[in-house]
Amino acid sequence: VAKLITSLVVLKTKPLALNDQGPTITLTPSDVAIYTSYVAEQGSVVPVVAGENISEYQMLQAMLLPSANNIADSLAIWAYGSLENYSVAANTFLAQYGLHDTHVGSDASGYNPSTISTAKDLVELGKLAIHNPVIAQIVAQTSATGIPQTTSIKNVNVLLGTNNINGVKTGNTTQAGGVYVSSSNVVENYKPITIITAYAAAKDL
């Protein structure tokens, strides 16, 4: 779910118009090393190779649909030069929106437990994400093709399309347990309403 922050912060400095693929990013041996590290930690990944060309939009898809940890870090480094710089930008972004119970730690994927949040803040992040047309378009996709090094990627949000759910992001780590931010469109008193919910279940509770 921390990848919602990554997508919002990256798009702040590297904005995309709707349906725009954006700049082409050439991946390096450092990106392969990030991938290898997450494989060793049994994290969620999308395979990459050095010299691979991938668009910003495709990286957002790979990060938000199958929740690739390696792509989150690679995208943040591409946008901000380093994970340290990204962390500073992300925490500044969170402070600007009053999300004081959320902190981005040492990575952009949320896999490291140094990134923390609360259900209340996650609802606010869900609002920001679903109001970004590029993010909203991606998280509503059940799958995507054309991503280099893989035939297709699938959205791990298995509730997508049920009960009017059109997003937003699932998450699961050893420390956090299951975390879910959802968006659904309903009609109340003849008016369309978007409902954002967040579920955060710390595993030790």
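Ile165 stands opposite Ser184 in β6. That pairing belongs to a predicted model. In this model, an open sheet of three strands has the order β5-β6-β7. The largest pocket draws part of its lining from β5 and β6. Helices α4 and α5 cross at roughly 85 degrees.

**The sheet as a whole**
- The pairing in the three-stranded sheet is antiparallel.
- β5 and β7 stand at the edges, and each has a single partner strand, so one side of each is left without a neighbour in the sheet.
- Neighbouring strands are turned against each other by 10 degrees on average, direction ignored.
- Strands of a sheet pair through backbone hydrogen bonds, either parallel or antiparallel.
- In a regular strand the side chains alternate between the two faces of the sheet.

**β5 with β6**
- β5 covers residues 165-173, and β6 covers residues 177-188.
- Eight bridges hold this antiparallel pair.
- Lys169 has Val181 of β6 as its bridge partner.
- A hairpin of three residues links β5 to β6.

**β6 with β7**
- β7 runs over 191-200.
- Ten bridges connect β6 and β7, again in the antiparallel sense.
- Val181 of the sheet also has a bridge partner in β7, namely Ala198.
- Glu188 is bridged to Lys191 of β7.
- Two residues lie between β6 and β7 in their hairpin.
- In that turn, Asn189 has a positive phi of about 55 degrees.

**Tyr199 in β7**
- Tyr199 is found in strand β7.
- Setting aside neighbours within four places in sequence, Tyr199 is in contact with Gly178, Val179 and Tyr180.
- Between Tyr199 and Ile116 there are 83 residues in sequence, and the C-alpha to C-alpha distance is 14 Å.

**The largest pocket**
- The largest pocket holds about 640 Å³ of space.
- Its lining has 36 residues.
- Val1, Gly110, Thr173, Ala176 and Val179 lie nearest the centre of the pocket.
- The elements that give two or more residues to the lining are α1 (2-13), α6 (119-130), β5 and β6.
- β5 gives the largest share, five residues.
- By class, the lining has 16 nonpolar, 18 polar and two charged residues.

**Helices α4 and α5**
- α4 spans residues 69-80, and α5 spans residues 83-96.
- Their axes come within 8 Å.
- The crossing angle is roughly 85 degrees, and this makes α4 roughly perpendicular to α5.
- On the α4 side, the contact is made by Asp73, Ala76, Ile77 and Tyr80.
- On the α5 side, it is made by Leu83, Asn85, Tyr86 and Ala89.
- The contact has six nonpolar residues, one polar and one charged.

**Backbone details**
- A cis peptide bond joins Gly167 and Val168.
- Omega for this bond is about 15 degrees.
- Val168 is found in strand β5, the strand that stands at an edge of the sheet together with β7 at the other.
- Asn19 has a positive phi of about 70 degrees, although it is not a glycine.
- Asn19 sits in the loop between α1 and β1 (24-26).

Conventions
Residues are numbered from 1 along each chain as its sequence is written. This is a predicted model: local features need pLDDT of at least 70, side-chain atom pairs count only at pLDDT 80 or more; totals for chains, interfaces and linings use all residues. Side-chain values use heavy atoms; hydrogens and water are left out. Two strands pair if DSSP finds at least two bridges between them. Helices (H or I, at least four residues) and strands (E, at least two) are DSSP runs, numbered from the N terminus. On a 1 Å grid over the protein atoms alone, a cavity is a set of points where a 1.4 Å probe fits but cannot get out, and a pocket is an open set with protein on both sides within 12 Å along at least five of seven lines; lining residues have an atom within 4 Å of a point. Grid points are joined across faces, edges and corners, and a volume is the space filled by probe spheres set on the points. Ala, Val, Leu, Ile, Met, Phe, Trp, Tyr, Cys and Pro count as nonpolar, Asp, Glu, Lys and Arg as charged, and the others, Gly among them, as polar. Axes are lines fitted to C-alpha atoms, for helices over the stretch in contact, and angles run from 0 to 180 degrees between N-to-C directions. Angles under 35 degrees count as roughly parallel, over 145 as roughly antiparallel, 65 to 115 as roughly perpendicular and the rest as oblique. Contact means heavy atoms within 4.5 Å.
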